[in-house]
Amino acid sequence: MAITISRRQFGFFAGAAVAASSLAACSGSGSGSGKGKVVWSTWGSPEDLKSFDTFQEAFKKSNPDIDLVFQPTPSYSEYHSKLLTQLSSGTAPDVFYIGDDRVASVIRNNVLMPIGDKLSGTSISEGDFAANVLDIGRWEGKLYALPNDVNPDTLWYDKEALKAAGITDDPAQLAADDKWTTEVFFEMTAKLKAAGLTGAVYWNYWATHDGFMTAQGGKVYDDQGKYVAHQDQASVTAMEEYAQRFQSGEMKLADLLPEGAGSDTLLVTHKLGFLAAGRYTIGSIRGAGVDEALYDIVRWPSIDGTAKPTGVAASYLAVNAKTADTDAALKFFSSFLDADGQKLRLSGAGNAVPSIKGADDIVLSENYPAHAQTMLDMRDIGYSNFATEAAVPDLSNQISVELMQPLYEGKSDAKTTLEAVAKLVEEKTA
Amino acid sequence: MSAAAIRPAPPTAAPPARKSWRAGDRRWGMLFVAPQAIGMLLFTLIPFVFAFVLAFTEWNGFGLPRYIGFDNFRDQLTSPLLGRSIINTLIIAVITVPIGLFLAILVATALNKIKGRPFYMVLFFTPVVTSTVAIALIWQQILRPDGVLSDFMSRTLGIPQIDWLGDPRLALLAVCAVTIWSSMGLNIVIFMAGLQNVSPSVLEAAAIDGAGPVSRFFKVILPLLSPIIFYQSVVAFISSLQTFDLVFILVKNAGPDNATRTIVYHIYDLGFAKSQFGISSAASIILLLLTLLITALQFAAQKRFVHYEG
């Protein structure tokens with residue numbers, strides 16, 4: 001039987017089809033099958049994202065009533081641009097990662113679900129997490145985000161490079177004896193440079209500059225969240241001393257190393273003494289096929305040789321305030337963050353340190369690196385990015401690229417730079 | 001069949017006027033135009049009006065924008081970063097447009113006379129249809145300090161390896177070189193089409209009058225191509241002012257010391273990295289005014305340099 005439709009009917013159906021498909025494409029979650037649905041997102045390279053496979057499979061198996069949809073983005077900066085656009089337009093995923101330099105600013109826009117009072121029926125509680133990295137996830141007394149995992153920047157050192165530079169002391173042993181002083185460290189980087197090697201490499205971001213200062217007994221922000229590094233003599237001296245070593249070539253910024261001769265490459269080819277980096281460096285060493293026993297880790301040096309707090313890089317997980325299925329979103333949220341979830345994500349080739357009690361054996365069970373406990377110690381005494389700074393989008397990055405980098409390149413002095421940072425922070429947070 | 005049957009009817013009636021279109025035809029016409037018109041409305045006109053309004057507000061993407069008058073324009077007009085972006089962008093335009101067009105004319109003239117033209121056309125045109133991301137990633141590898149180019153120069157000239165994208169003095173030149181390479185194919189095709197329209201009799205007449213190949217090129221071919229050169233220069237200049245994707249992928253963080261920060265990168269950085277959509281919109285309005293000014297100057301210059309036949 002032939003069916004005829006008028007032009008008007010055709011126009012109506014075509015318009016309806018376009019509208020329906022557009023709406024379907026825009027929707028974040030919700031399922032017509034009666035099952036719950038959770039859309040979640042993070043950033044990472046294809047290799048990084050593999051670490052989520054085991055967890056996702058386990059979650060799907062134990063929660064057959066929840067459809068899990070993964071929406072990753074390769075680049076960290078593009079991920080946040082996309083996330084902010086999605087949040088602004090109401091199409092953001094139900095659960096998503098946020099970087100530690102962004103989380104405070106996102107929280108202040110009332111787009112995240114306050115989770116503090118919703119954790120009671122889940123497998124996690126606020127007290128399970130390291131308190132020193134929780135503050136940034138709070139605003140006006142409410143908790144909005146929890147750390148997925150953390151990565152204190154330990155100093156990875158290459159015993160072969162140190163030996164080539166005539167260094168006989170073992171940094172980890174010096175640290176164990178509380179003799180790991182800044183003076184000893186600087187002597188080592190000078191010897192490495194004299195031997196034609198690079199002394200130390202750091203990434204140009206908040207934890208590096210702030211860590212330089214706090215490890216030397218300096219202050220960056222006061223208790224009221226005001227930037228005070230420029231008024232703190234220990235901080236100014238620390239930055240001046242480190243900057244001199246960058247200017248002399250003993251130390252380098254990883255961000256400025258040429259393609260093909262990056263920090264990992266220098267480390268595994270024995271051309272670098274120390275690399276400030278997280279647990280993910282295990283993968284770089286193993287991937288290069290070098291003798292992994294040649295590498296160990298040590299905390300950052302201090303004036304008196306004892307352990308001092310340094311920055312702890314972290315990423316946070318949050319729930320969209322507009323999620324269609326709160327129960328399913330919270331189920332995923334808690335399963336992702338609880339000790340079992342972190343073990344599934346971080347065991348074996350895992351690239352970070354757990355943020356929750358009861359999962360530390362992930363770091364220690366492999367007995368690699370030899371002083372793996374250092375990662376946990378640095379996590380426990382360290383601090384997350386300062387909320388004042390993280391409350392302004394891209395401020396941490398702006399400080400690093402526009403102010404700190406010129407200092408390391410010798411285009412400014414420490415006092416002037418820190419005063420400029422204070423002025424910028426004041427302007428941006430006014 | 002009689003002769004009268006095949007004779008055309010005398011033009012007694014005037015051709016049908018537009019007003020005689022049936023209403024149905026008009027509706028179909030509107031239907032066919034609708035996709036483009038809707039696209040223009042949604043993705044050009046509304047965003048333009050929105051950006052214009054936002055330029056006078058403070059807005060981070062959430063909540064309601066707050067009207068702040070001309071503060072964003074004051075901020076940008078005194079911003080060293082915008083100044084740096086404008087200078088970088090103009091350098092890209094000033095280097096890539098004339099060199100790119102001149103090389104394209106030379107290649108098009110050469111291709112106009114050789115055998116196997118389609119093969120060479122494909123070679124030159126391939127970059128035009130290749131994704132900018134792919135082009136940027138390939139050139140990123142070529143321009144590495146240990147890449148093919150640097151390695152070749154180091155071995156043949158005995159100079160140290162060059163970090164093309166990491167050296168603030170070279171990064172912008174590297175971007176210009178890649179831009180010229182990737183856009184040349186389209187210019188070549190358009191100039192070849194223009195060369196096809198140059199009458200052989202004009203060239204023969206010039207030859208008879210004693211003009212050599214070089215003289216014919218500069219005194220006959222170039223003037224006849226001048227309308228196309230003008231059109232391409234306007235398009236290429238506007239395109240250069242909008243340089244973004246290549247720089248974004250090829251060089252990290254706008255290059256060392258903002259060496260490759262362009263205006264559109266600056267707009268993107270303010271809007272999508274710093275969530276300052278008001279200031280970002282003000283910068284985009286400034287870019288629009290700059291584009292209009294440069295295009296107006298080009299149109300003013302064309303009266304002197306462009307030769308139209310007939």
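This briefing describes selected features of chains A and B. The model is predicted. Chain B contains 13 helices and two strands, while chain A includes an open sheet of five strands. Between the two chains, 13 residues of chain B are in contact with 14 residues of chain A.

**Chain B as a whole**

- The secondary structure of chain B consists of 13 helices and two strands.
- Chain B has a radius of gyration of 26 Å, whereas a compact globule of 310 residues would have one near 19 Å.
- Along the principal axes, the C-alpha atoms of chain B fill a box of roughly 85 × 60 × 35 Å.
- Buried residues make up 31% of the 310 residues of chain B.
- When contacts in chain B between residues at least 6 apart in sequence are considered, 69% join residues at least 24 apart.

- On the side of chain B that touches chain A, four residues are nonpolar, five are polar and four are charged.

**The open five-stranded sheet of chain A**

- Strands of a sheet pair through backbone hydrogen bonds, in either a parallel or an antiparallel manner.
- In chain A, the order of the five strands is β9-β8-β10-β7-β11, and the pairing is mixed.
- The edges are formed by β9 (251–253) and β11 (295–298) of chain A; each has a single partner strand, so one side of each is left without a neighbour in the sheet.
- On average, neighbouring strands of this sheet are turned by 25° against each other, direction ignored.
- Within chain A, strand β8 (residues 198–202) pairs with strand β10 (residues 272–277) in the parallel sense, over three bridges.
- A:Ala200 has A:Phe274 as its bridge partner in β10(A).

- Strand β12 (residues 312–319) of chain A is largely enclosed by the rest of the structure, because eight of its eight residues are buried.
- A:Val312, A:Ala314, A:Tyr316 and A:Ala318 point one way from β12(A), while A:Ala313, A:Ser315, A:Leu317 and A:Val319 point the other way; all are buried.
- Strand β3 (residues 95–99) of chain A runs antiparallel to β12(A), and five bridges join them.
- The bridge partner of A:Tyr97 in β12(A) is A:Leu317.
- Strand β6 (residues 145–152) of chain A also pairs with β12(A) in the antiparallel sense, over seven bridges.
- In β12(A), A:Val312 stands opposite A:Pro152.

**Backbone features in loops**

- Most residues other than glycine have a negative phi, and most peptide bonds are trans.
- A:Tyr368 and A:Pro369 are joined by a cis peptide bond, with omega about -5°.
- A:Pro369 is placed in the loop between α15 (361–364) and α16 (373–381) of chain A.
- A:Asn110 is not a glycine, yet has a positive phi of about 55°.
- The loop that holds A:Asn110 lies between α5 (103–107) and β4 (138–139) of chain A.
- A:Asn110 counts as exposed because it has 12 C-beta neighbours inside 10 Å.
- In chain B, B:Asp257 likewise has a positive phi of about 55° although it is not a glycine.
- B:Asp257 is found in the loop between α11 (245–250) and α12 (263–273) of chain B.
- With 18 other C-beta atoms within 10 Å, B:Asp257 is partly exposed.

Note on methods. Residues numbered from 1 in each chain as written. Chains lettered and ligands numbered in written order. Predicted model: local features only at pLDDT ≥ 70, side-chain atom pairs only at ≥ 80, totals over all residues. Helix = DSSP H or I, 4+ residues; strand = E, 2+ residues; numbered from the N terminus. Rg over C-alpha atoms; globule rule 2.2 N^0.38 Å. Buried ≥ 20, exposed ≤ 12 C-beta atoms within 10 Å, placed from the backbone. Contact = placed C-beta atoms within 7 Å. Nonpolar A, V, L, I, M, F, W, Y, C, P; charged D, E, K, R; others polar. Pairing = 2+ DSSP bridges. Axes fitted to C-alpha atoms, helices over the stretch in contact; angles between N-to-C directions.
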